[in-house]
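Here is a short briefing on one protein model. Keep the sequence and the 3D view open as you read.

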Amino acid sequence: EKTTISVIKADIGSLAGHHTVHPDCMAAASRVLAEGKREGVIEDFYVTHVGDDLVLIMTHRKGKDNKDVHTLAWNAFKEATKVSKELGLYAAGQDLLSDAFSGNVRGLGPAAAEMEIVERPSEPIVIFAADKTEPGAFNLPLFRIFADPFNTAGLVIDPRLHIGFTFEVVDVFEDKGVHMNSPEEMYDILALIGTPSRYVIRRVFRKDDGRIAAVVAVERLNLIAGKYVGKDDPVMIVRAQSGFPAVGEILEPFAFPHMVAGWMRGSHFGPLMPVPVRDARPTRFDGPPRVIALGFQVKDAKLIGPSDLFDDPAFDKARQVANEVTDYIRRHGPFMPHRLDPSEMEYTTLPQVLEKLKDRFKPVKDLPEPKIKHSEMLSGTEEAHD
Ligand code: F6R
Ligand code: MG
Ligand code: MG
């Protein structure tokens, strides 16, 4: 019997701007999922949040893209939105882009990462969720986990990892994808995923037996809605141990708080700070971007745990570096490369500002000399006063 892990998240409104999910919203979502568990739609669930994103972690027997499971998640978001509206929370229902729900959350705003597996006798998994960034934020860590022997000792030492992994890379603008093998095509993989706004790692498979190792929610909200509606704060599921990377190898890349797009107004680069859930409340300049990691054991489709994996002083240094980088890059204010480049700014409200300047542009040769308002007498007069 197979087990499916479905992690579905949405921003349904938050407390004091875009910074944290209200506990009553989490409780409302939990009530809906508890009912779904009683009715047998799902086997188990865990509700958490990262920043302003409500995250539903569910296990069940129904496979990916299952109508009942997606409907349950949608209803949980709807109920949580109701609470958001009652409490007047900010941007209530932000990510629920459509009322025309027809059994699958994909394309409607929420982001979903789902994995159907045959459980191993012991099945450790790590669930990641990030706020104030985009799905491509996981490109760098995923490459390091599954392709970099300086990160993952198992790639060198363990025969089941040694033959490498297959990366599924999606072009989110063209809605096309490609499967590429590591280590053989490592440089080609990097040629793509070094552009994380466009080429996003969606899944990783073990070459040994084709088993799924990792899955990321790659929805890009702005490509769905056609405009900026909050970044597409991603979630990810990674399997660990016994022929997959160890939990420590999966977490190791996050000891380097790499630069990701998102942060304030989804328009700035900043360091991705690994934090325990209690610190997943981005406030400085609405950030810097945060990532949480929860470790579970999956047993007979039940979720055992979680353990809050970044709640470890060993990640203090990463947080400190992230704070230093924050100070440094913030001083660029509205300048690139702190602010995103124009192609990415297309999805923000900046084009509206630029639009009204358009008519004022003339050929450079036609630009007038500025009119001098005060006569040269002025400086003469001043001199006279000296
Ligand atoms: C970024 C984010 C926030 C908002 C910012 C402005 O993902 O959620 O940085 O973009 O607080 O929000 P509005 O336009 O709603 O006032
Ligand atoms: Mg929000
Ligand atoms: Mg968010």
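Asp11 is buried, with a relative accessible area of 1%. Buried means under 20% relative accessible area, exposed means over 50%, and partly exposed lies in between (1.4 Å probe, protein chains only). His18 counts as partly exposed, at 26% relative accessibility. This is a predicted model: local features need pLDDT of at least 70, side-chain atom pairs count only at pLDDT 80 or more, and totals for chains, interfaces and linings use all residues. Residues are numbered from 1 along each chain as its sequence is written, ligands are numbered from 1 in the order in which they are written, and side-chain values use heavy atoms, leaving out hydrogens and water.

**Metal site**
- Asp11 (OD), His18 (ND1) and Asp52 (OD) coordinate the magnesium ion (ligand 2) at 2.0 to 2.3 Å.
- Donors are N, O and S atoms within 2.8 Å of the metal (3.2 Å for Na, K and Ca); water is not among the atoms, so sites may look incomplete.
- Along the chain, the donors of ligand 2 follow the spacing D-x6-H-x33-D.
- Asp52 coordinates both ligand 2 and the magnesium ion (ligand 3), and the two ions are 4.9 Å apart.

**Helix α1**
- Helices (H or I, at least four residues) and strands (E, at least two) are DSSP runs, numbered from the N terminus.
- Helix α1 covers residues 23–38, and its 16 residues should span 22 Å at 1.5 Å a residue.
- That expected span is 1.5 Å times one less than the number of residues.
- The end C-alpha atoms of α1 are 22 Å apart, which agrees.
- The buried residues of α1 are Cys25, Met26, Ala28, Ala29, Val32, Leu33 and Gly36.
- Seen down the axis of α1, these buried residues fall within an arc of 160°, so they line one face of the helix.
- The arc is that of the directions from the helix axis to the C-beta atoms.
- Pro23, Arg31 and Arg38 are exposed on the other side of α1.
- Just after α1, Gly40 takes a positive phi of about 85°.

**Nonpolar cores**
- A nonpolar core is a set of buried Ala, Val, Leu, Ile, Met, Phe, Trp, Tyr and Cys residues joined through side-chain atoms within 4.5 Å.
- The largest core has 42 residues, and Phe128 and Phe146 touch the most other members.
- Helix α3 (residues 139–147) gives the most to this core, with five residues.
- A second, separate core of 30 residues includes Leu56, Ala73, Ala80 and Leu89.
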